Amino acid sequence: MAEAILGLQGVTRDFGPFRAVDSVSFDINRGSITGLIGPNGAGKTTLFNVLTGMLPPTAGKVHLDGRDVTRLSANRLFGQGLGRTFQIPRPFSKMSVLENVMLAPMAQLGERWFGPFLHADKVQQQEGVIRDKAIEVLKFVTLDQLADHAAGQISGGQMKLLELARVLMGDPQLILLDEPAAGVNPALTGILIEKIEELNRQGKTFVIIEHDMDFVMQHCDPVIALAEGKVVFEGTPQEAQANPILLDAYLGSQFDD
Amino acid sequence: MIGIISYLIFFTTVAAILSIAVLGLNLQWGNSGLFNGGVVAFFGAGAYGTLILGGTSQTAHLGGFEIFYPLALIGGMVTAGLMAWIVGILTLRLRHDYLAIATFGVAVAFENLLRNAEGLAGGAQGLRGFERPLHAWLGDGFTYNVFFLIFVLVLLGATYRFLEVLIRSPFGRLLRAMREDETAALSLGKDPAKIRLTSLIIGSVIIGLSGGLYATFYAFISPQDVLPILTFQIWAMLIVGGAGNNKGAVAGAFVIWAAWTASGWGLSRFAPLEIQLYTGSIQFILIGLVIVGMLLWRPQGLFPEKLVISQSGRTNRSENRE
């Protein structure tokens with residue numbers, strides 16, 4: 001039995017009378033790439049928002065690395081090793097690509113306003129280290145040539161890579177990606193997949209929301225399917241493809257779009 | 001000739017004092033995206049704080065502590081900072097236009113309080129009994145005004161330098177990230193509430209410094225000096241100069257203050273008498289037109305914000321050229 005890095009017990013989230021996430025329970029094993037699928041409105045992104053502390057759950061518990069993190073705020077969770085990207089990219093548009101990435105490390109000395117005045121040398125030195133690491137991470141995601149461009153002016157696919165780069169600066173153990181391949185040209189999707197698999201070999205765990213079934217079937221194992229806020233399937237991609245309910249309820253409807 | 005020079009010194013002193021307030025607002029709005037609609041409240045807190053702490057003994061209202069002037073000025077800044085802290089805690093959850101409405105309300109309440117609470121700060125009569133520092137030594141005339149102008153310019157230069165270092169530091173990066181996308185910053189481990197509060201306080205302390213200098217210059221402050229129009233003037237200065245650019249903030253202050261005084265002078269000199277009666281109102285309309293026009297045709301201002309390129313940031317290339 002593999003060790004769980006993330007555990008959900010009965011996680012529920014209501015919006016008024018509407019139950020967006022309905023007592024969801026599953027474990028994410030360390031070192032896995034889990035695909036989270038389901039039709040639009042199934043509650044996938046809401047579940048991500050609950051897991052990352054952006055929304056408090058109405059009920060249920062979330063454990064990260066065995067610790068109860070149910071009520072932890074989003075900024076604390078990043079410090080605990082949980083990173084995420086967004087369905088619609090959220091770059092800091094009027095900042096350079098490099099600044100976007102340099103922002104991410106936690107507890108920078110110069111983040112206190114008096115830092116650059118009281119410890120100018122130390123802040124400068126730390127900036128050097130952070131800059132070097134940021135450039136290295138940008139090279140990894142193939143964005144280093146764009147370091148000095150405004151983040152709002154790069155393509156949507158590059159923004160997805162930038163979000164991954166920002167998250168990597170925090171050195172998280174678990175990374176949640178919300179539709180990384182949506183609206184991205186195939187060449188960039190290829191790079192993204194390659195990077196995800198490389199990071200996975202280095203030991204990082206991924207949970208990926210994705211509508212692109214080829215992507216999920218080829219790169220994710222296990223696959224979890226949500227429908228109307230509930231887990232309707234959990235298994236290997238092969239089982240998913242053979243599952244009549246999924247074919248009907250989800251895979252079928254996807255091909256109708 | 002000496003009259004023109006005297007006037008230029010007077011003009012530059014006021015424009016430089018207002019520049020400091022615009023720099024403070026630029027930290028809040030230009031860098032952090034905080035919509036402070038009550039600039040004048042923090043300006044007033046600095047002005048009243050300085051005069052109450054540094055003024056001569058009064059019986060009619062609070063004050064007259066005769067504190068050594070630099071400490072009184074710092075006291076005024078602290079007053080503005082404390083007010084920002086309280087306002088900030090109360091409005092922590094407000095964004096954008098909601099924050100603007102709340103802070104605008106604070107400024108109106110501030111003015112009404114000072115106008116009516118005579119025992120606190122002299123009511124509508126304003127605060128009197130303040131003697132300008134080194135007044136006994138330098139006299140009242142030209143020499144004093146030159147001295148005071150230099151004093152103001154030194155403080156303007158120091159404020160500019162301080163802010164340039166601040167916005168190029170990791171703290172400045174946090175402010176910009178907050179302005180661009182709070183949710184993304186939150187997901188990257190940052191604490192928006194804390195950052196927003198810090199920015200509001202630092203900016204308000206700087207606006208308070210501006211108020212303290214303004215009150216020192218006139219050796220007087222009254223509720224007439226803290227009307228909403230000053231908030232709009234300072235906003236116009238920032239929008240025209242270029243939000244997010246400290247050079248633009250200073251340039252905008254000089255441009256708008258020149259336009260404001262020139263329009264007042266021109267109207268009173270050349271306009272027919274029945275129009276002259278409305279000089280103040282016409283100026284209000286003009287400042288509104290400037291703000292709207294700028295936002296429509298050149299929203300980035302005369303000096304647009306520059307991308308901070310951190311790659312070669314080891315050497316600080318921004319030089320103080322005041």
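Mentor: Residues count from 1 along each chain as its sequence is written, and chains are lettered from A and ligands numbered from 1 in the order written. As the model is predicted, local features need pLDDT of at least 70 and side-chain atom pairs count only at pLDDT 80 or more, while totals for chains, interfaces and linings use all residues.

Trainee: How many helices and strands are there in chain A?

Mentor: Helices (H or I, at least four residues) and strands (E, at least two) are DSSP runs, numbered from the N terminus. On that basis, chain A has 10 helices and 10 strands.

Trainee: What radius of gyration does chain A have?

Mentor: Take the globule rule, 2.2 Å times the number of residues to the power 0.38, with the radius taken over C-alpha atoms. For 257 residues, a compact globule would come out near 18 Å. That agrees with the value for chain A, which is 19 Å.

Trainee: Which residue is the bridge partner of Phe15(A) in β2(A)?

Mentor: Strands pair if DSSP finds at least two bridges between them. β1 (residues 4–15) and β2 (residues 18–29) of chain A pair in the antiparallel sense over eight bridges. Their hairpin has two residues between the strands, and Gly16(A) takes a positive phi near 60° there. In β2(A), the partner of Phe15(A) is Phe18(A).

Trainee: How many residues does the contact take from chain A and from chain B?

Mentor: Two residues are in contact if their C-beta atoms, placed from the backbone, lie within 7 Å. Counted that way, the contact takes 34 residues from chain A and 29 residues from chain B.

Trainee: Which elements give two or more residues to the side of chain A that touches chain B?

Mentor: Look among the helices of chain A. The elements are α2 (74–79), α3 (97–102), α4 (115–118) and α5 (120–140).

Trainee: How far apart are the end C-alpha atoms of helix α12 of chain B?

Mentor: The expected span is 1.5 Å times one less than the number of residues. With 25 residues (246–270), helix α12 of chain B should span 36 Å. That agrees with the model, where the end C-alpha atoms are apart by 36 Å.

Trainee: What covers the buried residues of α12(B)?

Mentor: Buried means 20 or more other C-beta atoms within 10 Å of a residue's own (exposed is 12 or fewer, partly exposed in between), with C-beta atoms placed from the backbone. Among the buried residues in α12(B) are Trp257(B) and Trp260(B). The cover includes α1 (2–31), α7 (142–167), α11 (228–241) and α14 (279–297) of chain B.
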